[in-house]
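Biologist: Could you take a close look at one part of this model for me, and then carry on from there to whatever connects with it? I would like the cut-offs spelled out as you go.

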Amino acid sequence: MTGSLAPDQAARYERDGLLFPLRAFAEAEALGLVARVADVERRFGDRYPVKPLLKTYPIYLLPFVATLMRRPAIVDAVESILGPDIMVWAAEFFIKEPNSPKFVSWHQDLTYWGLSDAAEVTAWVALSDVTVANGCMRMLPGSHAGGIVPHRDTFAPDNILSRGQEIADAVDESRAVNITLRPGEMSLHHGRMFHASGPNTTDARRVGFVVRYIAPSMRQTVGARDYATLVQGEDRFGHFVTPPPPTEEFAPDMVELVRKIAADTTSYLYATADQTGQRDAVKTGM
Ligand SMILES: O=C(O)CCC(=O)C(=O)O
């Protein structure tokens, strides 16, 4: 396999379903991005529900995000796992506000995405310092090796996940690893990895830049249409619609496009939801 991971790192990823810490950005750049995200919120917050949009569709609204997801330090590591042809299915800013009770319950990412296979890897890049106290992710090494286990929806108010989904059976947390990261470091995790994260008990924001990379052979099996952007190599399948990259911040036509994408993706993200009333507001706030 090509890419930047050393053979022992690639073997560890295959065995554990996770790998960290790897350097994605310099520390100063990562901290600068925390400020940049806050600046976007300040400038557009009176016109758009910026926070949910940063959580769901920043790659279509902010040119700098469309650039960040192509950074060789990230994509080259992903290449060692997915091979040379790589698309971005989604990217999001995962923010936990200071002293926030918001948490993420134990779940497996691929449970609700309607994708045909497991050729997916998440790069979770810490922009701020990410610690146990501010709600780092916790993962269960090796849990990716089984299938998708049953989940149930809770729609718990403090759960950040779109439907408050959680693994239905008890998770053996005694084996969990805390994914603590310095600004600019990243972890990689498999789409079937059992993972969760706790509240932010500190006075500072916890900010993660999270990119979901897939192989172009993946397909949407539940929704009618799905979206992804080629960031390296070739797409020999054409399974995804590729929107144009954003050329300016929050361009009105791209905001419209995001509304359409949100409507399309809601059909698979909530296809089996126990409650459906909160859908659109939960996803984009629009
Ligand atoms: O950022 C978090 O706390 C959780 C992120 C997560 O669940 C994911 O990236 O799959």
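Biologist: Let us start with Asp16: does Asp16 count as buried or exposed?

Modeller: Asp16 counts as buried, because its relative accessibility is 16%. Buried here means under 20% relative accessible area, exposed means over 50%, and partly exposed is what lies in between, with a 1.4 Å probe and the protein chains only. Before going on, please keep in mind that this is a predicted model, where local features need pLDDT of at least 70 and side-chain atom pairs count only at pLDDT 80 or more, while totals for chains, interfaces and linings use all residues. Residues are numbered from 1 along each chain as its sequence is written, and side-chain values use heavy atoms, with hydrogens and water left out.

Asp16 has a salt-bridge partner in Arg15, with 2.8 Å from N to O. Arg15 counts as exposed, because its relative accessibility is 55%. A salt bridge needs a side-chain nitrogen of Lys or Arg within 4 Å of a carboxyl oxygen of Asp or Glu, and by that rule the count is 24 salt bridges.

Another of these joins Arg182 to Asp129, whose closest N and O atoms are 3.2 Å apart. Arg182 sits in the loop between strands S8 (177-179) and S9 (185-190), and Asp129 in the loop between strands S4 (120-126) and S5 (137-139), so this pair ties together parts that are 53 residues apart in sequence. Helices (H or I, at least four residues) and strands (E, at least two) are DSSP runs, numbered from the N terminus. Arg182 is partly exposed at 38%, and Asp129 is partly exposed at 31%.

Lys260 and Asp264 form a salt bridge too, with 3.3 Å between their closest N and O atoms. They are four residues apart in helix H7 (residues 252-269), so about one helical turn separates them. Lys260 is partly exposed at 40%, whereas Asp264 is buried at 15%. There is also a network: Asp39, Arg42, Arg43 and Glu249 are joined by salt bridges that share partners.

Now to the strands and the ligand. In strand S2 (residues 86-96), eleven of the eleven residues are buried. Two strands pair if DSSP finds at least two bridges between them. S2 runs antiparallel to strand S11 (residues 206-214), with nine bridges between them, and Phe93 has Phe209 as its bridge partner in S11.

S2, S3 (104-107), S10 (195-197) and S11 each give at least two. A residue is near a molecule if one of its heavy atoms lies within 4 Å of it. Among the 13 residues around the ligand, Trp124, His195, Ser197, Arg206 and Arg212 come nearest. The shell divides into five nonpolar, four polar and four charged residues; Ala, Val, Leu, Ile, Met, Phe, Trp, Tyr, Cys and Pro count as nonpolar, Asp, Glu, Lys and Arg as charged, and the others, Gly among them, as polar.

As for side-chain N or O atoms, His195 has one 2.8 Å from a ligand oxygen. For Arg212, a polar side-chain atom lies 3.0 Å from a ligand oxygen, and for Lys96 the distance is 3.5 Å. Taken alone, the ligand exposes 290 Å², and the protein buries 99% of that.

How values were computed
A polar contact is a pair of N or O atoms within 3.5 Å; within protein, one must be able to donate a hydrogen and the other to accept it, and residues adjacent in sequence count only if both atoms are side-chain atoms. Accessible areas come from the Shrake-Rupley method with a 1.4 Å probe; for residues, only the protein chains shown count as cover.
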